[in-house]
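Take a moment to turn the model around on your screen. We will walk through it together, starting with charged side chains and ending with strands and helices.

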Amino acid sequence: MDVNKINLLKSYFTAFQLNNELYSYADLARYLGISTAIIKNVYSDRTVFPSKKLTKHLSERFNKNPEAILADIYEICFCKPSYKHSEIVAMSLYYNFGYSICFEEDNRIAMHTVKLSFINPLVEIVIPVSIRKTGPELKYTGVVAWEVIRRAFCCAHDNSPFAYKYDSNQPYKPYSNIESFLFAMTSGLYAILDSDIMAIYKKIIVVFNSECVDEVETYNQIRANLLDDSSRILPLLYDENAEYSIRDVDMLNGIG
């Protein structure tokens with residue numbers, strides 16, 4: 001194995017060893033409820049990516065959804081800053097809905113940077129996860145947390161990309177009201193998707209956090225006001241209590 005490549009399972013298993021004072025392969029195997037042979041294959045770099053069977057086992061062992069287990073395992077592969085709820089959604093699409101995650105040569109998850117030159121050349125949006133439906137589909141689908149979109153467009157509007165700070169008491173600043181805020185966000189998203197640099201993308205999945213009140217309000221407003229003839233922006237409201245950790249499962253048929 002190339003030494004520059006990340007071994008996901010080795011990093012994941014090593015964290016368990018350090019955090020739980022497990023000193024041998026046998027100790028770690030007993031803790032995880034798997035065979036010592038699996039541990040040895042991981043530490044000798046014969047196994048790098050978790051199988052569906054191993055993911056299901058760890059899910060049952062630690063009483064966590066499989067996509068949450070995968071998000072933990074793949075954590076070191078996401079570009080930073082990253083948001084756990086969007087990572088879990090990406091892994092849910094991978095585990096439950098037949099999408100593949102696109103990787104760089106070093107096993108990091110492929111990201112895509114979009115400069116907002118049409119608003120402010122100093123501001124950019126990083127699409128942290130690129131996925132693609134298994135099969136003949138050629139274009140990518142990007143998965144990005146709402147926080148990333150909000151911060152980028154607010155920075156661009158404020159002309160101070162390094163000074164903007166989110167304020168939960170005034171979540172729509174620097175825009176004067178929610179109407180102008182929503183217009184800027186949605187029109188900005190469409191502008192991004194229509195730019196040449198995003199030609200390799202089919203759509204963007206924007207993940208909202210259900211634990212944040214203003215994100216839920218924004219999600220509801222954006223979903224209600226998206227263009228009827230466009231399925232290129234898909235808002236998803238993350239909810240850890242919902243099936244597959246995605247509340248909008250009914251909408252996923254549109255992203256195949």
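A salt bridge here is a side-chain nitrogen of Lys or Arg within 4 Å of a carboxyl oxygen of Asp or Glu. Side chains of opposite charge can pair when their charged atoms come close. A search of the whole structure finds 11 salt bridges. Before we visit some, note that this is a predicted model, in which local features need pLDDT of at least 70 and side-chain atom pairs count only at pLDDT 80 or more, while totals for chains, interfaces and linings use all residues. Residues are numbered from 1 along each chain as its sequence is written, and side-chain values use heavy atoms, with hydrogens and water left out.

Let's begin with Lys84, which forms a salt bridge with Asp72; their closest N and O atoms are 3.3 Å apart. Lys84 sits in helix α6 (residues 84-96) and Asp72 in helix α5 (residues 66-73), so this pair ties together parts that are 12 residues apart in sequence. (Helices, H or I with at least four residues, and strands, E with at least two, are DSSP runs numbered from the N terminus.) Both residues also belong to a network of salt bridges that links Lys64, Asp72, Glu75, Lys84 and Glu87.

Buried means under 20% relative accessible area, exposed means over 50%, and partly exposed lies in between (1.4 Å probe, protein chains only).

Now look at Arg150 and Asp214, whose side chains meet in a salt bridge of 3.8 Å, N to O. Arg150 lies in helix α7 (residues 146-158) and Asp214 in helix α9 (residues 213-225), so the pair ties together parts that are 64 residues apart in sequence. Arg150 is buried, and so is Asp214.

Next come the strands. Strands of a sheet pair through backbone hydrogen bonds, either parallel or antiparallel; here two strands count as paired if DSSP finds at least two bridges between them. Five strands form an open sheet with mixed pairing, in the order β1-β4-β5-β6-β7. At its edges stand β1 (99-101) and β7 (233-238), each with a single partner strand, so one side of each is left without a neighbour in the sheet. Inside this order, β5 (residues 140-145) and β6 (residues 201-209) pair in the parallel sense over six bridges. One place to look is Val143, whose bridge partner in β6 is Ile205.
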